[in-house]
Amino acid sequence: MSNNYKITIASSAGFCPGVKNAIERVLQLSEKGKKPVYTVGPLIHNKQVTQMLEKKDIFTINNLNEATDKNGVLVIRAHGITPEFQKQVFDMGLEVVDCTCPLVKRAHTIIDEFAKKGYYTVIIGDAEHAEVVGLLGYTQGRGIVVADAEEAKKLPSYDKVNVVAQTTQKEQTFFEAAEIIKQKSKICQVSNTICNPTKQRQKETLELAKNADLVIVVGGKHSANTARLAKLCGELCKKVSHVETAEEVQKEILEDAKNILITAGASTPDWIIQEVAKKVEIIKGEK
Ligand code: SF4
């Protein structure tokens, strides 16, 4: 293949500060003591990282009853949880380490503050996502989740409404939906809770992807933020490939690609991004 190519690895690719902090803290916990570490839900949506953590006695549990060793440590992941669930976690009597990202906590505070003033809350996000389930828990039982502007059109009008976003939401989706809710509500507070690392990632992607002739998005197939990133790239560049590991990089996709951008979701470790870049170089170097 041609040697006339350029690979750019986006500086925002990979672990966001919230995920990085959670991973580092659980690794420190497992190194420190002999106690098993239980994470409530998968720490991140990346199979390779989850497998690495299991080897270090860091287990994912989906139900608190699965934390069978009473000397174990319960870890609340970066996505955060509802206040009710938080109470249940602390009531278990195990040591608890709260890794909720401060930027998710900021969203909790904003929702809580307005809900206590009687505002209804509309969250623009993915209703199934753990972070959104947690956000909904702060709405005093007066909240709803919509995915986008189309779903926002079906909402009733509100006297007082606070519109917030899942922290990894695409800005355009958030503002379009918020505008529709604003137009049909008496008092509408638009609280942009998209986190700064996500905003930077989106901004950088917008700048780089439109000049690339191939974007390789690296990340778990079940990672919502990676899927969203791949979708955004698809709107800017004709050729996009979403791969989970270097093994999935296909020779065919690199054909004629001169300006190659490699980016990754917030749950993708740096070592996998580097392996993908290496694989691209190897294929491109082949005669
Ligand atoms: S995406 Fe943003 S809010 Fe969510 S964990 Fe990462 S830094 Fe925190």
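A cavity here is a set of points, on a 1 Å grid over the protein atoms alone, where a 1.4 Å probe fits but cannot get out, and its lining residues have an atom within 4 Å of a point. This is a predicted model, and totals for linings use all residues. Residues are numbered from 1 along each chain as its sequence is written.

With that rule you get two cavities of 30 Å³ or more. Volume is the space filled by probe spheres set on the points. For the classes, Ala, Val, Leu, Ile, Met, Phe, Trp, Tyr, Cys and Pro count as nonpolar, Asp, Glu, Lys and Arg as charged, and the others, Gly among them, as polar.

| Cavity | Volume | Lining by class |
|---|---|---|
| Largest | about 470 Å³ | 15 nonpolar, 13 polar, four charged |

Of the 32 residues lining the largest cavity, C16, T168, T198, N225 and A266 lie nearest its centre. Helix 9 (224-236) gives the largest share of that lining, five residues. (Helices, H or I, at least four residues, and strands, E, at least two, are DSSP runs numbered from the N terminus.)

The ligand sits in this largest cavity, meaning that more than half of its atoms lie within 2 Å of the grid points. Around the ligand (a heavy atom within 4 Å) you'll find C16, G18, C101 and T198, among others. That shell has no charged residues.

As for the second largest cavity, its lining includes T39, P42, E54 and F59, with helix 2 (47-54) and strand 3 (58-61) each supplying at least two residues.

Definitions and conventions
This is a predicted model: local features need pLDDT of at least 70, side-chain atom pairs count only at pLDDT 80 or more; totals for chains, interfaces and linings use all residues. Side-chain values use heavy atoms; hydrogens and water are left out. On a 1 Å grid over the protein atoms alone, a cavity is a set of points where a 1.4 Å probe fits but cannot get out, and a pocket is an open set with protein on both sides within 12 Å along at least five of seven lines; lining residues have an atom within 4 Å of a point.
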